[in-house]
Structures are given as C-alpha cells and as structure tokens.
Protein chains: 2
Amino acid sequence: MGEKANLTSETEGQSPRLKFVPQAQIQRVLQAELKPLDRAAILADLFRINALYMISQAGSGHIGSSFSCLDILTYLWTIEMKHPNRPEESEFDLFFSSKGHDSPAVYAAMTGLGRLDFELIHELRRLGGLPGHPDVSTPGIVTNTGSLGMGVAKARGMIIAARLNKKKARAFVITGDGELQEGQIWESLQPTANGGFGEITLIVDHNKIQSDTWVKDVSDLGDLEAKFRAFGWETARCDGHDFAQIEAVFTRFRGITNKPKVLIADTRKGQGVSFMQMLTTTEDGTYYKFHSGAPSHMHYAEAFEELETSLRGKMQTGGAQALSAALDFSEADQRPRPAPQNPQKLIAAYGDELVRLAAKHPELVALDADLVLDTGLIPFSRQYPERFIECGIAEQDMVSTAGGLALMGKLPIVHSFACFLSTRPNEQIYNNATEKTKIIYVGSLAGLLPAGPGHSHQSVRDISCLGAVPGLTLIEPCNEQETRLALRWAVEESKESVYIRLVSIPSETPFELPADYALVPGRGVTLRPGRDALVFAYGPTMLAPACRAAEALAGENVSVQVVNFPWLNRVDTHWLKSALDGIATVLILDDHLRDQGLGEKLTAALAEQGLADGRRIVRKGLTDTPLCGRNDEILAHYRFDPASLAEDIKRAISGASGNAI
Amino acid sequence: MGEKANLTSETEGQSPRLKFVPQAQIQRVLQAELKPLDRAAILADLFRINALYMISQAGSGHIGSSFSCLDILTYLWTIEMKHPNRPEESEFDLFFSSKGHDSPAVYAAMTGLGRLDFELIHELRRLGGLPGHPDVSTPGIVTNTGSLGMGVAKARGMIIAARLNKKKARAFVITGDGELQEGQIWESLQPTANGGFGEITLIVDHNKIQSDTWVKDVSDLGDLEAKFRAFGWETARCDGHDFAQIEAVFTRFRGITNKPKVLIADTRKGQGVSFMQMLTTTEDGTYYKFHSGAPSHMHYAEAFEELETSLRGKMQTGGAQALSAALDFSEADQRPRPAPQNPQKLIAAYGDELVRLAAKHPELVALDADLVLDTGLIPFSRQYPERFIECGIAEQDMVSTAGGLALMGKLPIVHSFACFLSTRPNEQIYNNATEKTKIIYVGSLAGLLPAGPGHSHQSVRDISCLGAVPGLTLIEPCNEQETRLALRWAVEESKESVYIRLVSIPSETPFELPADYALVPGRGVTLRPGRDALVFAYGPTMLAPACRAAEALAGENVSVQVVNFPWLNRVDTHWLKSALDGIATVLILDDHLRDQGLGEKLTAALAEQGLADGRRIVRKGLTDTPLCGRNDEILAHYRFDPASLAEDIKRAISGASGNAI
C-alpha cells in the first residue's frame with residue numbers, strides 16, 4: 001500500500017557502492033551438501049541481501065514485508081513446491097503473493113534459483129525491468145497483484161481451471177496481515193471452504209506491522225485463527241522464521257486435502273535487520289519507516305552488515321564453513337536518481353491546510369485507510385485525535401462510514417490512494433452521492449507518476465471512475481498554493497461533494513499562479529500566454545513539461561499558451577469560449593487514460609458549443625495500462641517529456657498530427 | 001438483488017380489486033387494550049396485507065423478504081425503539097434496512113404507525129411516490145440502501161457522529177442472509193467491535209432463501225454465530241416470528257453496551273403465506289419465485305385470504321375479538337400497467353445463445369452472483385453444471401475468480417446486474433485487464449429502465465466506470481438478434497475482453513436490423529434513413545422512442561435518420577465520417593448519464609476529426625441520479641418519450657437547443 005516512491009532525497013554525500021550476491025555464489029549454496037532446511041535458511045539470507053540491493057538500486061520498494069516473508073517463501077520454492085508456476089506440466093504448484101509489494105523478495109528468490117534472468121536484479125522498477133508489483137509479463141509470475149485482497153479468489157479460479165483440465169495442482173498464496181482488513185478476503189474464504197479447495201494454502205505473513213504502524217493500533221484483527229476456522233479453513237500457526245516449524249506445518253497440511261488451509265506465520269517485519277523490525281520515533285510521531293521507499297546510505301550499510309553477519313552465522317551452524325570462507329559479493333554503483341530541485345510538496349501542503357481548516361470547522365472529520373504517512377494526515381491525527389478515524393485497509397467500510405457521518409451532519413474527508421479510492425469503494429461513493437450529503441474524497445498518488453510501483457498504483461483511471469458520479473466535483477491542484485485553495489474551496493464553498501486528486505511526488509513547478517488566483521468551477525488560469533497553440537493541462541506532472549515545452553518553443557518563435565485547468569469534470573463554457581479567442585490549435589494533456597479523461601470532456605464541450613469549428617484539437621493521454629519505470633524514463637516513453645511535447649505541439653500546429661497523438 | 005420488475009404480463013383476464021387496511025383500522029389496533037406483543041403480532045399481519053397491496057399495485061417489489069422481516073420490524077418500531085429515526089432528539093434510535101429491498105415492509109409499518117403519509121401506500125415505485133429501495137427523500141428514511149453490504153459501516157458512521165455530538169443513540173440494522181456473502185459486511189464487523197459499538201444491533205433476517213434459491217445451495221454461510229463471535233460481536237439466535245423470543249433477545253441486548261450485537265433471526269421468506277415460503281418447480285427447474293416481481297391475480301387472492309385468516313386468528317388469541325369483528329378492508333382498483341406488445345427479450349436470447357456457444361467452446365465457463373433467474377443463466381447452468389460457478393452475492397470474489405480462470409486458459413463469462421458489476425468489483429475488473437487475459441462481463445438490468453427499483457439498480461454510470469479499462473470493449477445490443485451477435489462476437493471474434501450491457505425489460509422494438517447485419521467495432525447501422533438530422537442511440541430503451549419520434553416527424557416532413565451505435569467506447573472514425581455526410585444536425589441519446597456516456601465520446605471523436613465543423617451536436621442523457629417511477633412516466637419525465645424526443649429533435653434542427661437538452 002504505502003508508496004513513498006522516489007521520495008528519498010539523497011543529500012548524504014557520495015553514493016555508496018551497493019553489494020549483491022552473484023548467481024554463482026547462490027549456485028554453490030544450491031549445489032553444496034546441506035540439509036534442506038539449513039540450505040533454505042542460508043538462501044533466504046542471500047535473497048535478503050539481493051532484495052536490499054534491488055530496492056536500494058531502484059530507490060524504492062517494500063523492504064520490511066520482503067524480509068518478513070522470505071523464509072517461508074524460500075522454504076516453498078526450494079522444498080515444498082513441484083514445478084512451481086509451470087501450468088504446462090500435468091502436475092504443478094502455483095505460487096504468488098497476494099500482497100504483491102513483497103515483489104523484491106519474490107524476484108530475489110526467482111533470480112537466485114534460476115527461474116528468472118539474474119541480470120534483472122539490476123532493473124527493479126525500471127522500464128523493461130522488474131515491475132514494482134508483480135506482473136504476468138515477467139516470466140514465472142502467474143498473476144498481477146498489488147491491489148490487495150484478491151489472492152484467495154484468484155487462486156480458486158486457477159484451481160477450478162486445473163480441476164476442469166484434469167491437472168493436479170496446488171496453490172500457495174502469501175497475504176499480508178493488514179491485507180486481511182480488506183473485505184474481499186473474507187468474501188472469498190467461505191466459498192473456498194464450501195468447494196473443498198484443499199489444493200489452496202494461504203500463508204498470512206503476520207508481521208504485525210502494516211503500512212504505518214502496528215496492525216493492532218490501525219485496525220486490530222481479533223482472533224485470526226478463530227476467524228479462519230469459522231469460515232471452514234484448517235488453521236496452523238508457527239514462527240515464520242523457524243524452518244523446522246515451517247516444515248512441520250506444511251508436512252501436516254499435505255495430508256489435509258478436503259479443505260483449504262491457512263498458516264498464520266508469526267513473522268517480524270524487516271526480519272534480518274534489527275532496526276527494520278521496529279517503529280521509529282521522530283518529531284512527527286512513532287511510525288514504521290521501512291514499509292516503502294529505500295533505505296538511506298547509512299541504513300543500507302548497517303543493514304548489509306547485519307545481513308552478512310546473519311548469513312555467515314547460518315553458514316557456520318549449517319555446516320557450510322567452506323561456503324562462508326569463499327563468500328564473496330559483487331558490487332555495483334548506485335545509479336544516480338534524478339531528484340527534483342526545490343520541489344513543491346502537495347501532500348504536505350494539504351495536510352497543513354487541513355489542520356488549519358479543522359480549527360474553524362468542528363464538523364470536519366478525517367478518515368484514513370492506513371496511509372497517514374502518505375496522505376498528509378499526521379498533523380491532523382495528532383491535533384484532532386477525536387475527529388480522526390483510522391479505518392485500516394478497508395476502503396469500502398471507510399467510505400460507507402463517511403456516508404453515515406455525513407447523514408448525521410458531519411463533513412467527512414476520506415483519504416486513500418487515488419487508485420484504490422476511486423475503484424474499490426466505487427459503489428459506496430455512488431451510494432453516498434445519491435443521499436446528496438457532502439463528503440470530500442482525497443485521492444493521493446494520482447496520475448502516471450510515481451511510475452515505480454506499477455499499474456496497480458498508477459491511478460490513471462480515476463477521472464473515468466468518478467467523473468460521472470452525480471454531485472461530485474473533481475479537482476486536481478497543480479502546486480501547494482492551489483492545493484490549499486482546493487481544500488478550502490471544497491470545505492467552505494462547494495455545496496457538492498468533491499474529489500481532490502493529488503499528485504504525491506515532490507514536483508518541480510516551472511510556473512506560478514497569479515497572486516490573486518481564486519478557484520472558479522469550470523474555469524482555467526493561464527500560466528503562460530501564447531497565440532499559436534493553447535495547451536490545457538492540470539496537475540504538476542503535466543503542467544511542468546507543458547511549460548518547459550512552451551519555453552523551448554518560444555526560442556523557436558512558436559508562441560504557446562499554457563492553461564492550468566484543474567476542473568476535471570466541470571466546464572464553464574462561457575469562459576471556454578473567451579479563452580479560445582484567436583486560438584486555432586488546442587492540445588489537451590491528460591495525466592490519465594485518453595478515454596474519459598479531461599480531454600474527452602473538454603473536446604465534447606467545445607464541439608457542442610460550436611467552438612470546435614475550424615480548430616485543430618488534439619488530446620494526449622495514455623492508451624493502455626501504464627508501464628512501470630523511473631519517472632523520467634516513463635515520461636519520455638509516453639512523450640510527455642518537454643522535448644517530445646514540444647515536437648508534438650509543433651506537429652499539432654502544423655496540422656500534421658491529425659488524430660490524437 | 002433480483003429484479004424481475006414489471007415483467008409480469010397480466011394475461012389472466014380482468015384485474016382484481018386490491019384490498020388494503022385503512023389507517024383507521026390500524027389506529028384502532030394501536031389504541032386497543034392489548035398486550036404489547038399481541039399488538040405487535042396483529043400489526044405485523046396488518047402491515048403484511050398492506051405490503052402485499054403495495055407490491056401488487058406497483059407491479060413489482062420484494063414480497064418474500066418483506067414478509068420475513070415484518071415481525072421483528074414491527075417489534076422494533078412499536079416496542080423497542082425510542083424516537084425512531086429522529087436524530088434531532090437528544091436521545092434517539094436509528095432503524096434502517098441494509099438489504100433495502102424489504103422497503104414495502106418498512107413503508108407499510110411507517111405509514112401504518114403514522115410516521116409517513118398513509119396515502120403513499122398507493123404510490124409504491126411511482127414518480128414522486130415511494131422508491132423501490134429506500135431513499136432519504138422519504139421522510140423518516142435515514143439512509144439509501146439497495147446496494148448490499150453497507151449497513152454496518154453506515155450505522156457506525158452515524159453512531160460516531162452521535163458520540164461526537166454527545167447524543168444518546170442506538171442503531172438497529174436489518175440485513176439479509178444472502179447479503180452476508182458481501183465482503184463489505186465482514187470488512188465492517190471487526191472495526192465495529194474494536195470501537196466497542198454497543199449502540200449497534202444487527203438483525204440478520206435469516207430466511208435461508210436468497211434471490212434464486214436456498215442460501216445453502218448458492219453459497220453456504222457456514223456457522224454464522226461462530227463467525228460473528230470471531231469478529232468480536234455478541235450473538236443471539238431466535239425464531240424471528242416468535243415475539244416472546246424476540247423480546248427476550250432485545251431485553252438481553254439492552255444490557256450489553258460494550259460491544260455490537262447481532263441477532264440471527266430464523267425466519268421464513270414469505271412468512272404468512274404458505275406458498276410463498278417454498279421453492280417452486282417448473283420446467284425451468286426449482287427456484288424461489290416470490291423474491292421480486294408481483295404476484296399473479298390468483299396468487300394475490302390466495303395470499304390475501306391466508307393473511308386475513310392469520311390476522312383474525314391472532315386477533316382471537318390476542319383477546320381482540322371485537323377488533324376482528326369490526327375488521328374491514330378498503331379496496332382499490334389495480335391500476336392498469338402498460339405492457340409491451342410482442343416484446344423482444346434480450347436476456348432470454350442471451351441465455352439461449354450462451355448455451356449454443358458453450359457446445360462449441362469447451363473453454364467457456366459462466367459465473368453468476370445469485371441472479372440466474374435474471375441473467376438468463378438457467379439453461380446454461382442446467383446443461384453445463386460443471387462449467388457453471390455460482391458465487392453468491394460476492395461480486396469481487398466472482399471477478400477475481402474469473403481472473404484466475406482466465407490466467408489458466410479458460411474463457412470466463414461473468415454475470416450480474418450492470419449497476420453492481422461495474423462498480424463493486426471495479427478494481428478487480430481493472431486488475432484482470434492488466435493481465436491481458438480475455439474475460440467477458442455481462443451486465444444486465446442496464447440503463448434507466450426498469451425505473452421501479454430506483455437508483456441503486458438503475459445502471460446509468462457503468463459506461464463511465466468501465467469505459468476506460470484498457471482492453472475492454474463495451475457493447476450494448478438493441479434486440480434479440482444483436483444480443484446473439486454481440487455474444488458471438490465477444491466469444492469468437494474479439495481478441496480483447498468485452499462488457500455486454502443488456503437491457504432486461506422486455507422491450508418493443510419498432511425497428512429491424514438488416515438481415516445481413518454483422519458487428520464491426522466502432523461502426524453503427526442505420527435503422528431509418530433521413531437527412532434533416534441524425535440520431536445516434538443504442539439499446540432498445542432509447543432506440544424505440546428514437547424510431548417512434550422519427551416516424552412521427554416524417555409526418556411533418558422532417559426526415560430523421562436513426563443509427564444504432566452499439567459500441568460504447570469504440571469509434572471507427574472513417575465510418576463516422578461517411579455516416580455524417582450531408583448531415584447538419586446530430587443528436588446522441590445516452591441511456592446513461594450525460595457525463596462519460598457515448599455522447600461525450602462520439603462528440604469528442606467528431607471534433608478531433610474536424611467533423612464537428614458546421615454541425616449542431618446535441619447530447620441527451622441524465623444529469624442527476626435517476627428517479628424511481630413507472631417506466632412510461634420516467635421516460636416522459638426525462639423527455640425520452642417519442643413526443644418529447646420529436647420536439648427536441650426539431651429544436652435541435654432549428655438550432656434552438658443551443659447547448660445540451
């Protein structure tokens with residue numbers, strides 16, 4: 001869930017050399033005379049070192065949950081499973097992680113075991129490399145995860161297919177513990193028991209810390225074993241870092257074929273690195289700091305040292321002294337990561353403005369889905385704890401709770417990532433809307449960037465999913481100033497419900513809003529004047545390259561107007577008419593799919609008003625599932641970098657682009 | 001859930017007079033000297049008679065679930081609750097039904113108890129009357145339900161607000177048992193226990209029959225009490241038709257204030273009428289036939305007689321012989337209901353075509369969410385039981401199961417109502433789409449009609465919610481022929497996933513498709529030629545009035561072309577260009593909200609292609625939450641009846657309509 005992707009600003013001086021375990025070293029462990037459980041323990045630590053490498057090299061990734069599940073994962077891949085993820089065989093076992101954000105662990109194991117091209121460890125979260133969350137385009141990955149709670153249902157579908165195909169198959173699925181807050185998990189359990197799906201084994205990686213903090217403090221899970229038993233599942237519980245216990249559970253499970261089984265594995269988040277197993281206290285409060293993002297240089301070095309010590313210890317006790325003596329690491333330069341200069345931080349501005357408004361508005365209540373660190377809610381939650389409702393990873397529950405609050409006169413403000421908030425509780429948002437109450441929804445991590453987490457987190461479909469909800473105004477601010485204005489407008493002026501779409505990455509914003517700028521629904525604001533073409537865009541991700549492209553084109557005597565149009569489903573057609581006066585070429589940039597984004601709405605409005613007559617209109621946006629990669633390479637891939645954009649603007653002006661680019 | 005709304009074709013001769021209990025009779029019972037439990041039992045039967053009346057008069061409604069919950073509902077409203085649904089008081093109790101389709105029971109009680117204008121009993125499912133599912137526009141209704149599973153979360157929101165407002169409040173929420181298959185229920189339970197919400201009491205109306213058949217045969221619920229206990233709830237179980245037992249439970253519950261409570265009430269669906277308590281066997285199989293729809297004349301008369309006998313019995317044993325002697329009913333004519341002549345039945349055609357295709361395509365697997373009667377799946381489920389997966393009311397689970405099936409090479413076809421399928425599992429549909437597998441989704445009950453169930457079931461937002469899913473083609477057929485073609489195209493030709501949007505009501509279709517008609521993505525087909533204006537529409541609900549309007553205008557020498565454009569998110573711009581040759585005025589009709597419907601997409605495509613130049617383009621569609629009412633009055637309300645449409649076409653041609661109508 002949490003995604004502080006690419007947020008690490010490396011100001012600590014020279015980048016360190018990063019170490020990884022080369023494949024040959026892993027091969028030696030695989031070929032050595034070792035007891036299987038000792039080998040698995042050693043391999044798990046080797047994989048931890050490589051997962052640490054991958055995340056540090058990528059600049060982001062989920063290290064805590066990768067480490068907590070690696071022992072069980074290694075046991076499964078090296079001891080338990082037959083023909084893992086090879087459904088072409090007549091007998092096979094399926095493995096996938098439902099939580100998905102532990103993908104560095106999965107990749108470390110798969111590359112280490114020769115199931116995946118080893119060189120890919122250098123390409124985590126890169127275009128053409130290993131996606132931030134699992135994707136079936138990677139060989140050996142059987143399903144896309146990263147949207148939580150889908151694992152049991154997907155496994156059941158796979159096993160039903162295997163049954164129909166008369167194949168002998170089992171499925172091993174890892175979930176997080178915070179993930180169990182999702183309703184879909186429980187929706188899936190009883191049918192899986194009813195169907196006698198003994199082929200399915202769920203492993204709850206019960207590390208007891210979710211995105212922000214302890215599970216028990218976010219939304220306590222109660223008696224997990226009693227729950228699973230009540231849903232007809234066979235349960236087991238063990239220390240998820242004790243290989244003998246793990247083996248005992250899976251040995252017992254093998255004999256149970258008439259019902260699904262769950263292992264509640266008591267694990268430690270960040271297992272292997274002492275300081276990644278605990279919460280960190282700073283002036284902001286006490287939170288878990290190693291859920292996502294990448295470790296600092298100092299933390300990297302300390303973590304590596306601990307892991308190496310642990311590894312050598314296991315080699316000693318496992319009777320692999322020779323391996324330890326010959327143990328050698330490869331090194332790679334940490335690649336430079338482009339960091340924005342003097343970035344605008346919309347989330348922080350949002351959080352600060354929320355606290356200000358809360359003082360004036362006692363009716364204001366904030367709801368969160370385990371993302372206080374990512375949605376700017378820490379100040380509010382500390383200052384107004386009685387008006388702060390932590391719902392856990394339970395978006396449907398959160399949105400309907402907000403509905404109940406609004407019906408009783410409160411002004412609920414609901415927070416999550418845009419990708420989840422616009423989809424998982426979509427029917428609940430509509431249901432609230434039919435009651436004509438006022439609710440504010442704030443979807444952060446909106447748009448194409450950060451591109452590192454991959455399509456489960458890149459929210460490029462939320463305008464589509466929410467744009468037609470009656471009485472819901474969608475707005476996306478472009479900088480800190482507009483973020484504050486948007487929240488203020490939503491709380492104090494709007495009669496309707498509002499969805500505020502927030503870009504989470506710190507963004508360079510080569511533009512300024514007028515000092516006297518005020519939001520007027522359906523009206524844009526000119527950031528740069530121009531006469532040869534008018535570019536409509538919204539949010540920092542598109543407005544920054546648009547302004548840079550316009551600046552570059554100015555040097556070529558091409559004069560491009562850039563308009564910030566923050567209203568994603570409202571158009572003031574009178575304003576639009578005046579804005580287009582004298583303009584022959586219009587480009588509309590969507591930080592969204594082309595389908596059902598702002599471009600479609602603005603273009604339709606233009607045509608209905610007769611404003612399309614004689615004008616070239618070009619819409620730019622995504623046309624397929626967004627790719628994962630580093631932000632700059634993804635922008636360039638989709639031709640949203642300033643240079644490509646400048647070319648496309650020129651093509652539009654010349655009439656060469658014809659249809660959409 | 002199930003909605004065979006307005007499907008009853010009354011071919012049994014003369015309409016009967018319908019009887020109801022006038023308010024004065026109810027008043028006499030309220031004022032008589034009776035023991036409270038005896039009074040409640042008598043009142044419950046009076047309310048049953050009025051619920052039967054309302055549903056028979058409306059022509060549709062959920063009679064089985066209304067009857068099963070009426071005893072508990074009457075106990076709550078007459079004995080347990082203080083200031084029901086009056087949050088303006090300092091101490092109050094909230095009541096609502098989470099399942100929502102038992103609204104006739106709620107209305108019967110509220111009108112009978114003087115909480116709601118009694119005359120409204122004649123106006124169930126009518127424009128300006130009582131909505132098919134609860135809506136807050138009705139005085140005393142505190143929340144909108146009909147979308148299942150939201151009740152616990154909404155109640156918690158309301159109680160949190162009451163706590164913040166320092167008010168003493170409790171909430172009593174009725175759920176169905178089938179409703180417990182929804183994940184949101186379980187998502188909500190643990191947080192409600194964690195917060196110590198002793199104010200909340202859930203009543204599971206455990207009548208053991210869901211929309212189609214026995215709950216245990218659809219998706220067995222397992223040990224319900226163990227489940228609720230595992231989630232931290234206090235549980236009780238009793239006969240939901242035994243007032244003494246009901247009283248004992250609520251008396252005990254009053255003393256438990258530190259945790260939420262659930263009564264699992266063993267009830268009988270259709271309680272009070274013997275033949276409404278059982279499944280019915282016909283040549284189609286054995287199903288429950290009184291979930292929705294209205295009883296036939298014969299069933300009405302028999303049901304009334306049974307209820308009257310029961311009522312008089314209760315009056316006798318309750319010591320109210322005088323009341324029984326004076327018992328008198330009022331009568332009303334059953335209003336005529338417009339019935340389509342020789343209607344096209346898209347659902348039946350769909351179901352038949354599915355069976356044909358299944359014979360050729362062994363990879364085809366069908367999934368259902370407790371709506372086999374409504375989605376045309378009976379033939380398939382009987383002929384291919386091994387390839388039929390009944391998921392229960394668990395749309396997220398169903399869609400992710402389909403995802404798993406597709407990953408293993410199957411072709412899953414997923415069925416539910418469009419309103420639920422496009423929203424509840426929206427993130428799951430997207431997740432499947434990112435895997436680039438092929439899945440067919442079939443959303444029935446699509447569009448504005450039937451209008452009787454109200455906005456929870458009127459699917460006018462599904463194009464918006466699904467139209468931008470990458471690799472998902474949306475198509476809506478207009479008659480039986482095109483329905484068969486659409487399914488065939490989806491199964492045999494489309495490389496991508498497909499969403500088939502199906503109108504469920506039998507529809508008159510005053511048009512025919514060419515005999516050699518074949519589906520070509522993005523291309524429409526002319527149903528009537530014309531030159532003064534071109535009307536684009538899709539599906540029978542809009543194409544029928546469009547063709548009728550064109551016919552009427554032909555008599556006025558206005559020549560209107562009508563094009564069936566079944567592709568909701570695909571446009572062949574070359575075809576579009578040729579289709580518009582010589583046409584100056586274009587109207588696009590959306591059986592959907594104007595926002596993000598076909599109109600927006602077609603208009604944007606026209607403008608991008610320079611085809612908007614010099615043309616008047618008018619889009620018609622909904623601009624707000626759809627109203628509930630009889631189909632003909634709702635069409636007229638939104639000016640989609642042929643006469644209004646003809647006027648609007650003329651206005652468009654004359655250029656008078658300016659912006660959208």
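Q: Given that helices (H or I, at least four residues) and strands (E, at least two) are DSSP runs numbered from the N terminus, in which helix of chain B is Ala643(B) found?
A: This is a predicted model, in which local features need pLDDT of at least 70 and side-chain atom pairs count only at pLDDT 80 or more, while totals for chains, interfaces and linings use all residues. Residues are numbered from 1 along each chain as its sequence is written, chains are lettered from A and ligands numbered from 1 in the order in which they are written, and side-chain values use heavy atoms, with hydrogens and water left out. Ala643(B) belongs to residues 642-654 of chain B, which make up helix H24.

Q: How many of the 16 residues of H20(B) are buried?
A: Helix H20 of chain B runs over residues 539-554 and reaches 22 Å from its first C-alpha to its last, close to the 22 Å expected at 1.5 Å a residue, where the expected span is 1.5 Å times one less than the number of residues. Its buried residues include Met542(B), Ala546(B) and Leu553(B). H20(B) is mostly covered, and the number of its residues that are buried is 12.

Q: Is Leu589(B) buried or exposed?
A: Leu589(B) has its place in strand S19 (residues 585-593) of chain B. Beyond its neighbours within four places in sequence, Leu589(B) is in contact (heavy atoms within 4.5 Å) with several residues, among them Met542(B), Ala546(B), Phe640(B) and Leu645(B). With a relative accessibility of 1%, Leu589(B) counts as buried.

Q: At which residue does H3(B) bend by about 50 degrees?
A: Helix H3 covers residues 63-80 of chain B, and because 18 residues at 1.5 Å a residue should span 26 Å, the 24 Å between its end C-alpha atoms agrees. Since 16 of the 18 residues of H3(B) are buried, this helix is largely enclosed by the rest of the structure. The bend, defined as the angle between axes fitted to the seven residues ending at a residue and the seven starting there, is found at Leu70(B).

Q: What is the relative accessibility of Ser416(B)?
A: Ser416(B) lies in strand S12 (residues 411-417) of chain B. Leaving out residues up to four places away in sequence, Ser416(B) touches Ala369(B), Leu371(B) and Val442(B), among others. Ser416(B) counts as buried, with a relative accessibility of 0%.

Q: Which residue of chain A forms a salt bridge with Glu427(B)?
A: Where the two chains meet, 97 residues of chain B are in contact with 98 residues of chain A. Glu187(B), Glu427(B) and Glu608(B) supply 10% of the area that chain B buries against chain A, more than any other three residues, buried area being the accessible area (1.4 Å probe) that two parts lose on being put together, summed over both. A salt bridge is a side-chain nitrogen of Lys or Arg within 4 Å of a carboxyl oxygen of Asp or Glu, and 16 of them cross this interface. With the closest N and O atoms 2.5 Å apart, the partner of Glu427(B) is Arg424(A).

Terms used. Buried < 20%, exposed > 50% of the residue type's maximum accessible area, 1.4 Å probe, protein only.
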